[in-house]
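Here's a quick briefing on one helix, its packing partner and a few residues around them. Have a look at the model first, then work through the notes below.

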Amino acid sequence: MTDTTTPSVLFVCVHNAGRSQMAAGFLRQVAGDRIEVRSAGSMPADQINPTAVEAMRELGIDITAERPKVLTTDAVQASDVVITMGCGDACPIFPGKRYEDWELEDPAGQGIEAVRPIRDEIRGRIEQLVGELL
């Protein structure tokens with residue numbers, strides 16, 4: 001990437017309520033405005049998972065204002081990197097995009113003790129991604 005181009009990352013999970021929202025929150029915190037951040041779901045939930053919100057709040061990251069969004073072809077086309085988390089085939093494929101599938105446990109319906117390790121794994125992957133993109 002050149003200095004004049006801001007890379008963009010799209011995180012996609014089924015409900016856009018847990019994993020993808022936590023990943024977007026971490027990326028916004030770590031990269032600031034150096035990376036454009038999007039998230040979406042193949043079947044968006046009505047609201048963000050409250051346990052994911054709590055897990056992120058423990059680290060000083062507030063994702064309460066976020067809302068689950070539907071995955072669109074435009075969002076994929078506008079992104080340089082598309083990271084799926086459990087929705088695989090629902091994501092449209094376009095030539096020239098970088099695709100990754102992060103196999104992460106779904107935090108839906110789990111308590112905070114189960115969500116923390118998922119959150120921490122996402123944080124590690126985000127730090128690696130930022131190192132690659134910047």
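This is a predicted model: local features need pLDDT of at least 70, side-chain atom pairs count only at pLDDT 80 or more; totals for chains, interfaces and linings use all residues.

Buried here means under 20% relative accessible area, exposed means over 50%, and partly exposed is in between (1.4 Å probe, protein chains only). Residues are numbered from 1 along each chain as its sequence is written, and side-chain values use heavy atoms, with hydrogens and water left out.

**Helix α1**
- Helices (H or I, at least four residues) and strands (E, at least two) are DSSP runs, numbered from the N terminus.
- α1 has 13 residues and reaches 18 Å from its first C-alpha to its last, close to the expected 18 Å (the expected span is 1.5 Å times one less than the number of residues).
- It's mostly covered, with 10 of the 13 residues of α1 buried; among them are Met22, Gly25, Phe26 and Leu27.
- The cover over those buried residues includes β1 (8–13), β2 (36–41), α2 (50–57), β3 (81–85) and α4, where contact means heavy atoms within 4.5 Å.

**α1 against α4**
- The axes of α1 (residues 19–31) and α4 (residues 112–133) come within 9 Å and cross at roughly 45°. That makes the pair oblique, because angles under 35 degrees count as roughly parallel, over 145 as roughly antiparallel, 65 to 115 as roughly perpendicular and the rest as oblique.
- Axes are lines fitted to C-alpha atoms, for helices over the stretch in contact, and angles run from 0 to 180 degrees between N-to-C directions.
- On the α1 side, Arg19, Met22, Ala23, Phe26, Leu27, Val30 and Ala31 take part, meeting Val115, Ile118, Arg119, Ile122, Arg123, Ile126 and Val130 of α4.

**Leucine 134**
- You'll find leucine 134 in the segment after α4.
- Setting aside neighbours within four places in sequence, leucine 134 touches Pro7, Ala31, Arg34 and Ile35.
- Leucine 134 and alanine 31 sit 103 residues apart in sequence, yet their C-alphas are 8.6 Å apart in space.

**Positive phi values**
- Most residues other than glycine have a negative phi.
- Asparagine 16, in the loop between β1 and α1, has a positive phi near 50° despite not being glycine.
- Asparagine 16 is also buried, at 0% relative accessibility.
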